[in-house]
Amino acid sequence: MDRVHLWALLVVGIALLFFSLRTPPIKDKILVFLLKAYFSTFFGIIVVEAKLLEYPVRFLGPYFKASILFEYFLYPIVCVYFYQTSYHSRLPGIIIQCALYAAALTAVEVLYEKYTDLIEYHRWTWMHSFVTIFVLSFSVRMLMKLIHKREQATRWEDGD
């Protein structure tokens, strides 16, 4: 049954990715997706190798100890939606939205930890997940804000 959940999550992720890339700025969304996957790689590997949590059932299990479906696909897609919904927000709005997205992802993770073999906490708690998801998502969002400011300053200097 856990494999069915993985395949269902993959299908949902593909649909969400398709819908997220239908509107501009596509370049920004792809950059958010790739940055999120890049940063998740480090934290995911550290957490799994430190045996803080485990993914007993996962895609490409013989090759990866981490959940590649979550770290490289689903979480980056959710981060794209967070970026989209917070695009015109000021800092307080970004923080509130980030907390809501982190809470939603954490709640789903807790349910999967409790009722499936997709994730198993060892020395990890839902609070660790919430804080990690919040900090990583917020960091990528702030990095994108800096990139936009730099890009606008460059356009202004070039006379565009």
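**Exercise 1.** In this predicted model, does Arg90 count as buried or exposed?

*Solution.* Begin by locating the residue in the chain: Arg90 sits in the loop that lies between helix 3 and helix 4. Next, recall the cut-off, since a residue is called exposed when its relative accessible area is over 50%. The relative accessibility of Arg90 is 70%, and therefore Arg90 counts as exposed.

**Exercise 2.** Find which residues form the nonpolar patch on the surface, and state which helix gives the largest share.

*Solution.* The patch is formed by Val110, Trp126, Met127, Val131 and Val135, which together have about 420 Å² of accessible area. Helix 5, which covers residues 126-158, contributes the largest share, namely 4 residues. Val110, by contrast, belongs to helix 4, residues 91-115. With a relative accessible area of 30%, Val110 is partly exposed.

**Exercise 3.** Describe how helix 1 and helix 3 cross, and name residues that make the contact.

*Solution.* First consider the axes: those of helix 1 (residues 2-20) and helix 3 (residues 68-85) come within 10 Å and cross at roughly 35°. The handedness of this crossing is left-handed. On the side of helix 1, the residues making the contact include Leu6, Leu9, Leu10, Gly13 and Phe19, while on the side of helix 3 they include Leu69, Phe73, Ile77, Tyr81 and Gln84.

Technical notes
Residues numbered from 1 in each chain as written. Predicted model: local features only at pLDDT ≥ 70, side-chain atom pairs only at ≥ 80, totals over all residues. Heavy atoms only, no water. Patch = residues over 30% accessible without salt bridge, like charges linked within 9 Å, V, L, I, M, F, W, Y side chains within 5 Å. Areas by Shrake-Rupley, 256 points an atom, 1.4 Å probe, with all protein chains shown as cover. Salt bridge = Lys/Arg side-chain N within 4 Å of Asp/Glu carboxyl O. Helix = DSSP H or I, 4+ residues; strand = E, 2+ residues; numbered from the N terminus. Buried < 20%, exposed > 50% of the residue type's maximum accessible area, 1.4 Å probe, protein only. Axes fitted to C-alpha atoms, helices over the stretch in contact; angles between N-to-C directions. Left-handed = near helix turned anticlockwise from the far one by under 90°. Contact = heavy atoms within 4.5 Å.
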